[in-house]
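Please look over the notes below with the sequence and the 3D view open.

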Amino acid sequence: MSKRSAELKQAEKGAIVSIIAYVFLALLKLGVGSYANSKALYADGLNNFTDTIASVAILIGLMVSRKPADNEHRYGHWKAENVASLLTSLIMFAVGFEVLISGIKSVINRNIQQPEPIAAAVGIFSAVVMFLVYLYNKKLGEKYNSSSLQAVAKDNFSDMLTSLGAAIAVFTATFNLAWLDTLTALIIALIILKTAFDIFKESTFSLSDGFDREKLVAYKEEILKTSGIEEVTVLRARTLGANVFLDITVRMNPDLTVRESHEIVDCMEQELKATFDIFDIDVHVEPVE
């Protein structure tokens, strides 16, 4: 547990880097977007603003999840990561709909203005920054097995694409195609909503103790490789943050001593943890009838 807490402590660096980058880029895009009449760049700035809130939520989630288990949280506070992701998705939904409605109103009211070329330069600069942040968080998330930081990295990559798209839209809009800028703002809104839905789906799946059936099949196959274990009657799994917890019931020869059964089960646990990086396993042994 102390090892996992130390890993999450290191993962917090990625969330802090994201917060700094998003605050800077959000202020830059919102300011330049308003000045240069670019709805696409302004929408991308709002997107970065939501990403700032999301990164703060992830940072808080990582900090809370490192708290040790107590009398009211016997399994620890690992699910704080999942709760933070859920709150992030709700914030992104709100901003995504705001950007979408604003773009639709502009089309209906024909309030389409020609953007200034400076908006394209800001978009390209932002894409470069976000790509570097993406690489950093992707490496950090994989190294320390942080599901929330890996989600942040995916968001970083989508932000890089939206910034690049905004830059292209602004550039083409300068050739008397101002409607492209508004169209890109609508596309960015849909990207925000799609990302929010994906995060919402993943976080609610984890919070409701959903688990991948294919992984359960792989776990069972690995368990049955252990000599002495004849059946697996119960196999349940859930995730707390990025940590996998297993509940297993196996059937073994009733003539084995308690010590022999324990040694076999202990060997099985070590193999499962080493192969699948499982955090905790609880095993119940029953005799074969």
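**Notes on spaces and packing**

1. Helix α5 is the largest contributor to the lining of the second largest cavity, with 4 residues. Helices (H or I, at least four residues) and strands (E, at least two) are DSSP runs, numbered from the N terminus. A cavity is a set of points, on a 1 Å grid over the protein atoms alone, where a 1.4 Å probe fits but cannot get out; lining residues have an atom within 4 Å of a point.

2. The model is predicted: local features need pLDDT of at least 70, side-chain atom pairs count only at pLDDT 80 or more, and totals for chains, interfaces and linings use all residues. Residues are numbered from 1 along each chain as its sequence is written, and side-chain values use heavy atoms, with hydrogens and water left out.

3. The second largest cavity has a volume of about 40 Å³. A volume is the space filled by probe spheres set on the points, and grid points are joined across faces, edges and corners. Among the lining residues are Asn47, Met92, Ser158, Asp159 and Thr195. At least two lining residues come from each of α2, α5 and α6 (179-207). By class, the lining has 3 nonpolar, 4 polar and 3 charged residues. Here Ala, Val, Leu, Ile, Met, Phe, Trp, Tyr, Cys and Pro count as nonpolar, Asp, Glu, Lys and Arg as charged, and the others, Gly among them, as polar.

4. How many cavities of 30 Å³ or more does the structure hold? There are 2. The largest has a volume of about 90 Å³, and its lining includes Tyr22, Ser85, Ser148 and Ile199. Two or more lining residues come from each of α2 (39-65), α3 (80-108) and α5 (147-173). This lining divides into 6 nonpolar, 4 polar and 2 charged residues.

5. The largest pocket holds about 910 Å³ of space. A pocket is an open set of points with protein on both sides within 12 Å along at least five of seven lines. Of its 32 lining residues, Ser147, Gln150, Glu202, Lys215 and Gly241 lie nearest the centre. Helix α6 gives the most to this lining, with 9 residues. The classes are 10 nonpolar, 13 polar and 9 charged.

6. The largest nonpolar core has 20 residues, and Ile223, Leu246 and Ile248 touch the most other members. Strand β2 (243-252) supplies the largest share, 5 residues. A nonpolar core is a set of buried Ala, Val, Leu, Ile, Met, Phe, Trp, Tyr and Cys residues joined through side-chain atoms within 4.5 Å. Buried means under 20% relative accessible area (1.4 Å probe, protein chains only). Apart from neighbours within four places in sequence, Ile223 is in contact (heavy atoms within 4.5 Å) with residues including Val232, Ile248 and Leu272.

7. Helix α4 (residues 118-143) has 26 residues and reaches 38 Å from its first C-alpha to its last, close to the 38 Å expected at 1.5 Å a residue. The expected span is 1.5 Å times one less than the number of residues. Among the buried residues of α4 are Ala119, Met130, Tyr134 and Leu140. Just after α4, Asn145 takes a positive phi of about 50°.

8. Leaving aside neighbours within four places in sequence, Asn243 is in contact with Arg4, Trp78, Arg238 and Phe279.

Key
Buried means under 20% relative accessible area, exposed over 50%, partly exposed in between (1.4 Å probe, protein chains only).
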